[in-house]
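Colleague: I am new to reading protein models. Could you take me through one, feature by feature?

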Amino acid sequence: MDEREGQGAVEFRVLGAIEVIVNGRTVHLGPPKRRLLLALLALECQHAVSVDRLVDLMWDDPPQAARRVVFAHIARLRAALAGAAACGVELLSTPSGYVLRVDSAQVDAHRFQRQVAAATGVADPLARARLLGEALELWQGSALEDPATGPGARNLARGLENLRLSAMEQRIAAELAAGRHPAVVAELTQLVAQHPVREQLVGQLMLALYRCGDISAALQVYRRARADLATQLGVDPGSELTALHSSLLRRDPSLAAPPPAAIAQQESSAPDPAPRQLPASIRHFTGRADQLKLLHDLLGNGDAGGSVLAAVVISGTAGVGKTALAVHFSHQAAHRFPDGQLYVNLRGFDPAARPLHPAAAARLFLDALGVPPARIPADSDACLAMYRSRLADTRTLIVLDNARDAEQVRPLLLGAPRCLVLVTSRDRLSGLVALDGALPLALDLLTLDEARELLAARLGAERLAPERQAAEELIELCARLPLALNLALARAVASAGTPLSTLTEQLRDTRRRLDLLSAGEAAADVRAVLSWSYYAVDASTARAFRFLGLHPGPDITAAAAASLAGLPHEQTRAALEQLSRAHLLIESAPGRYVFHDLLRAYARERVLSDDTDDDRQAARHRMFDYYLHTAHAASILLNPHRQPITLSKPCIGALPDHPADHDEALNWFTDEQSVLVAITQCAAETGFPDHSWQLAWTCTTFFERRGRWQDLATVQNVALDAARRVGNQDGRANAHYGLARAYSRLGRLDEAHTNFLGAIELFRDLGDRIRQARTHLGLAWIRDLQGCADDSLDHARQAYELARTTENQAIQANALNAMGWYHAQLGDGRQALLHCRQALTLQQQLGDRNGQATTWDSLGYACHLVGQYEEALVCYRNALDLYSGLGDRYNEADTLTHLAETHQAVGNTAAAQDAWHNALSILDVLQHPHADRVRARLVRTA
């Protein structure tokens, strides 16, 4: 049971926006000073706080009437908390001040500190990390996030934030102790950027980078921290950080990560954490009390163990706050769904991107639920069925944001009685209501009182009091549309010294020019405020904003934006920061930016109206060149023996990245995989067919290694269509080859065979013997999967002959190994040995360690076939040494199973059992489906 479920129906929140939740409903507390007063009492719950101390905490320069203001706020707080009296909450006067009588477990800050203390005594690092992570999930923003001007209150907030940072450091230390250094590098990088002189975080980042093999980056972190400490504090690094630096330089063995066996044991005993995908709640969410009550009433008063409604459709016009309501409620109700909260933007009304297919959404959810890519079905219906099965017996909350229509949502609905699906859409989705029993929840504009409450929350009663008429006008000019109001108020907050009347006058001018704050189409209402923010930025930043509308999404990095805008990197970063501050762009993660769909639509409108066709095409050319040349360089690092394609030079203004090594290339592809699919499609649709097929070519190695077979098929189909339209034989040939690779992995063997044949015919016409040879190896593989080893051997021979005429030794070696393998499949062990030994000699000359490992495994198989068991054991051990050094865990496990078979053949059952157990240990850590096959083999031989 969640700790909160046994505490009654009251919760006080200060770790973020200051709120009180009574029976699932947010209590209206009034202006910021009153909320701050309650937060101060909640932090000191069960203890009296004097009026003088409250005054000092609430004001920098207390007004003469400060004590009377406190008395008045106390009286109104008592009225607001009347509904909590039944739960034992009281606000009492005592001779020494005021005391809030409430169980400390009902105050999130106290619950956070207690859980952190409990985690400290847990020995197992994984369990400790989970407990600390759960404690940190109580934070939904900055401490005491409402306006708090008193220095004492700011000190309290800083103290809470320091506790949060300390808990983060403890959790990261536990992750490092568990050998999870790759998982914390990104988070630590962001934290160190935010807290550059916090030496424990700096040391943790150095250690994580060192364990990931990037000692250069670890030392650079130390140098930067030493400079920051000198500049900001005038001190040198402390003794612990200095000692760590010295240990890194001498590569002290004590810095090594826990041994793999220990990590595997921890991982296998640790349950997958429940996903927590909800976006951050709106900081100043106000109103919607009736809708929130309805949603909480759906859950009943129990522990969500009984039935809840299957789905709720939150509908309304653009910008009315559908997502804000869904996310705010979801955060309030998250503890009722302990198996996780899932979120996806279905992109139903994104003008620049296709709506997300239901199966693609299910794939994202399965990834979040920890299902390994190898286990996720490629077939859409099977993928959706697995998603529904996975959640069948759980208590999970699913938010499907921005749905296009009922057909997009229906496959994602659940029959699970304890799950809740929240759908937001501009469409009413009447089909879901009529046929699927979903509850409709329509959102209208804010009421006048709700709009006033929003202004008071953002600006404070003190600023509004002398300008009530301007405030009322601002509400009406924004048509009480939440998005428009929040954008206008962001400018008002940023311009604290500017009268509201000046801001409303500016907004009136925009309305007259664009006629967009009328009672008509809601998007027009938003456009007025967006244009007002747009015209406030400088010309270079405005141009960058417009060109960002040409990017297909889902997000963009500063590096890609520089090429798109045709600006230097530093100038681009400054423009992106300015756009973020103006709420014209959202920094979703450090260095990555996204548009709200309305912002994207507005940017596209501006670029179509303000820029020429030539300017737009030049920007697209720079964008496609950035992705193509960066991806091509990265793909060659992933597979150095792959024959590169010939690219045109990047156009002027394109600034491709240059990954330094294999790991950097892999990380770049990992970050950009969704973008690359969209970019490949965008290139095909906007007049850049060569970029389209070449981009698809660059994705092949990465998508294959990550098991993203459906993505590979998607980009290759787009590439094939693009190349066909312009009659590009090279593009068609490469797309056929890539599509065949994808279809072979998807089990569509006949289509794979057809595409390989199409590719080899085109490569033959082009006179490209190297790619003919590679395609023959692909045909050999397909025919083997189809049970035709004779055909496979013939194709391998043709691949070898073609490679020999081109003097390409890498393909010769691959072909020789393939010939040896297929000879073994046909029972001819001696020919298998002959060809594999020839392959191994070439691979050793080339320094191809991966090829050597594969061939040693093939040699072991051939030796076993001819009864040379001792030689087979030697071959398998050589393969294992190489695979271990390469970090290729799956093939290491595969060779261990072969080793076990040979041990079994010579009667050494104990050694066979050991090898199978070692293989099973690796496969279980990888969550690979072949683990069940090895487990069954162990049972048979036990």
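Modeller: We will go through confidence, strands, cavities and a pocket in turn.

Modeller: This is a predicted model, where local features need pLDDT of at least 70, side-chain atom pairs count only at pLDDT 80 or more, and totals for chains, interfaces and linings use all residues. Residues are numbered from 1 along each chain as its sequence is written, and side-chain values use heavy atoms, with hydrogens and water left out.

Colleague: What is the mean pLDDT of the protein chain?

Modeller: First the term: pLDDT is the predictor's confidence in each residue, from 0 to 100. Here the chain mean is 84, and 90% of the residues reach 70 or more.

Colleague: Where does pLDDT stay under 50?

Modeller: Where pLDDT is low, the predicted coordinates should not be read in detail. Residues 1-8 stay under 50. The model gives them 17 contacts (heavy atoms within 4.5 Å) beyond four places in sequence. Residues 302-306 are also below 50. That stretch has 11 contacts beyond near neighbours in sequence.

Colleague: Now strands. Is β8 largely enclosed or left open by the rest of the structure?

Modeller: Strands (E, at least two residues) and helices (H or I, at least four) are DSSP runs, numbered from the N terminus. Buried means under 20% relative accessible area, exposed over 50%, partly exposed in between, with a 1.4 Å probe and protein chains only. In β8 (residues 397-403), seven of the seven residues are buried, so the strand is largely enclosed by the rest of the structure.

Colleague: Which strand pairs with β8 over five bridges in the parallel sense?

Modeller: Two strands pair if DSSP finds at least two bridges between them. β7 (residues 341-345) pairs with β8 that way. There, Gln341 stands opposite Leu397. β9 (residues 420-425) also runs parallel to β8, joined by five bridges. Val399 has Leu422 of β9 as its bridge partner.

Colleague: What is the strand order in the open sheet of three strands?

Modeller: The order is β11-β13-β12, with antiparallel pairing. β11 (556-557) and β12 (586-589) are at the edges with a single partner strand each, so one side of each has no neighbour in the sheet. Two bridges link β11 to β13 (residues 592-594). Ile556 faces Tyr593 of β13 across the pairing.

Colleague: How many cavities of 30 Å³ or more are there?

Modeller: Rolling a probe the size of a water molecule over the atoms shows where empty space is left. On a 1 Å grid over the protein atoms alone, a cavity is a set of points where a 1.4 Å probe fits but cannot get out; a pocket is an open set with protein on both sides within 12 Å along at least five of seven lines; lining residues have an atom within 4 Å of a point. Points join across faces, edges and corners, and a volume is the space filled by probe spheres set on them. The count is three cavities.

Colleague: Which helix gives the most to the lining of the second largest cavity?

Modeller: Helix α2 (residues 51-58), with three residues. This cavity has a volume of about 40 Å³. Leu40, Glu44 and Leu156 are among its lining residues.

Colleague: How much space lies in the second largest pocket?

Modeller: About 660 Å³. Of its 30 lining residues, His28, Leu29, Thr286, Gly287 and Glu453 are the closest to the centre. The largest share of the lining, six residues, comes from α18.
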